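Reader: I would like to go through this model piece by piece. Please show the sequence and the structure before we start.

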Amino acid sequence: MSSNIPGVEQRDPQYFGYYAQLQHQQNMLQDTVRTSTYRSSILLNGPTSFKDKLVLDVGAGSGILSYFAVQAGAKKVYAVEASAMAGKMKKLVSDPNRNAFLKDKIEVINAKIEDPDLPIPQVDTIISEPIGVLLFHERMLESYVYARDHYLKPGGALFPSKGTIFLAPFTDATLWSETMAKARFWEQQSFYGIDLTSLYKDARDEMFGMPVVGHFDPNNLITTPFNGYNVDFTTITVAELQDLTIPFEWTAQYTGLMHGVAGWFDLLFASTNEGTTIEMSTGPAAERTHWQQVRFLFKEPLAVNARQQIRGWMRCIVNDMRSYTIYVEVTATDGVELSDPNDINRFKEQQETGPLMRRGIWELHEQTYNYNYTPGMMPDHKPEYSCLYEPEFNLDNHDLEAMNVMETYEDFVN
């Protein structure tokens, strides 16, 4: 790692302390989509990637993936966990009266995978759940790739093997207004006799600079997501993970206000040999997971017309808070030239924009949460309920089919 790339050491004590708590492990274990998908991918690929194999579990946590690997026939599993959860895992696997099938099958190693001289041989398969919000929050993917480069045999298998990040423009006047209301508190000129207005701009920048994590209504998407940004865990390097630029282009399916960019990810589990491929989505139309989705709100919405091209980019650069700083630039006007995403210093200087473009900077670790959406509350939802308006001019059959964002995205997920 080059000296100008922030490390994760500053945040490690708090990070590993968090994952040492059983309540947080329980939260992940009770994510049925997550746990059952991992179990299915391991058991269904048991004959090709686990039976009589040496397996490495990176960031093992409660050890659930290690236990699944033993169920799939693993010869031995090296479960590496840096937090105090390693001691709790040892207690579970060493109890002489319980889980006899795990006896002598799992070696718990209380260390970071990057620590030198770990007692781990070259393994046939690596398993891990190194995923955070928008796929890469918490920077655990770097440890996953490090383990691949140092401990996986040539041709070995990775579970998961690939992630895909999806971005889409969304509208949500309620969320935007609630965020603005928080900032407007600081507009008061006489709060117990104190004028707070000098802090209003700082408050607005802070409120709109917090990524909003939570499930949202897929009917609020102005168009379906672009094809996705693939992160192949079998080939990507640590350096590439530390600085990602994601270009995007959408065609608006409705006229309305774009309040920001929404993001989520899919995971793919595939054996390097002939096996069963398993996929999992965390999108707004998919079954809920603890990862949820994330939305980046603009301080000023962008007006878009149906069939208008929306262009832009998102650049994600690691920071020293075990996360990323997110830069976004968007325009919906033909002829407007986007800035160079490689020139972040100039981007920061020109963050304030005119009516044709929106820019924003978000710290992914400074998350706020929104749980207002309940699926099924409006089964007869129409676009105008979300202040999205279908074009009046005639549409051919292809366009009519594309107009229903909910139906299109559900078809995509399935």
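Author: This is a predicted model. We can begin with a helix.

Reader: Which residues of α7 are buried?
Author: Helix α7 is mostly covered, with nine of its 12 residues buried. Buried here means under 20% relative accessible area. The residues of α7 that fall in this class are Met-140, Leu-141, Glu-142, Ser-143, Tyr-144, Val-145, Ala-147, Arg-148 and Tyr-151.

Reader: How many Å apart are the end C-alpha atoms of α7?
Author: The helix has 12 residues, and at 1.5 Å a residue they should span 16 Å. The model agrees with that expectation, since the end C-alpha atoms of α7 are apart by 16 Å.

Reader: Is Arg-139 buried or exposed?
Author: Arg-139 is found in the loop between β4 and α7. Its phi is near 60°, a positive value in a residue other than glycine. Most residues other than glycine have a negative phi. At 2% relative accessibility, Arg-139 counts as buried.

Reader: And Tyr-192, is that residue buried or exposed?
Author: Tyr-192 lies in the loop between α8 (173-184) and α9 (200-208). Phi of Tyr-192 is also positive, near 50°. With a relative accessibility of 77%, Tyr-192 counts as exposed.

Reader: What is omega for the cis peptide bond that joins Phe-159 and Pro-160?
Author: Pro-160 is found in the loop between β5 (152-159) and β6 (162-170). Most peptide bonds are trans. The bond from Phe-159 to Pro-160 is cis, with omega at about 5°.

Reader: Which residues cover the two faces of β1, and how many of its residues are buried?
Author: On one side of β1 stand Leu-54, Leu-56 and Val-58, and on the other Val-55 and Asp-57. Each of these residues is buried, so both faces count as covered. For strand β1 (residues 54-58), the number buried is five of five.

Reader: Which residue of β4 stands opposite Leu-56?
Author: Strand β1 has pairings with β2 and β4. Five bridges join β1 to β2 (residues 76-80) in the parallel sense, with Asp-57 opposite Ala-79. The pairing of β1 with β4 (residues 123-128) is parallel too, over four bridges. In β4, the residue opposite Leu-56 is Ile-126.

Reader: What is the hand of the β-α-β unit that β1 and β2 make with α5?
Author: The unit is made of β1, helix α5 (residues 64-71) and β2. Its hand is right-handed.

Reader: Which strands stand at the edges of the open sheet of four strands?
Author: The order in this sheet is β9-β13-β14-β15, with antiparallel pairing. Inside it, β13 (residues 309-318) and β14 (residues 324-331) pair over eight bridges, and Gly-312 stands opposite Val-330. A strand at the edge has a single partner, so one side of it is left without a neighbour in the sheet; the two are β9 (243-251) and β15 (357-363).

Reader: Which residues touch Ile-326, leaving aside neighbours within four places in sequence?
Author: The largest nonpolar core has 94 residues, and Ile-326 is among those that touch the most other members, along with Leu-56, Ile-120, Phe-136, Leu-167, Met-258 and Met-314. Beyond its sequence neighbours within four places, Ile-326 is in contact with Phe-136, Phe-296, Met-314, Arg-315, Cys-316, Gly-360, Ile-361, Trp-362 and Leu-364.

Technical notes: Residues are numbered from 1 along each chain as its sequence is written. This is a predicted model: local features need pLDDT of at least 70, side-chain atom pairs count only at pLDDT 80 or more; totals for chains, interfaces and linings use all residues. Side-chain values use heavy atoms; hydrogens and water are left out. Two strands pair if DSSP finds at least two bridges between them. Buried means under 20% relative accessible area, exposed over 50%, partly exposed in between (1.4 Å probe, protein chains only). A crossover is right-handed if, with the strands pointing away from the viewer, the path from the first strand over the helix to the second runs clockwise. A nonpolar core is a set of buried Ala, Val, Leu, Ile, Met, Phe, Trp, Tyr and Cys residues joined through side-chain atoms within 4.5 Å. Contact means heavy atoms within 4.5 Å. The expected span of a helix is 1.5 Å times one less than its number of residues.
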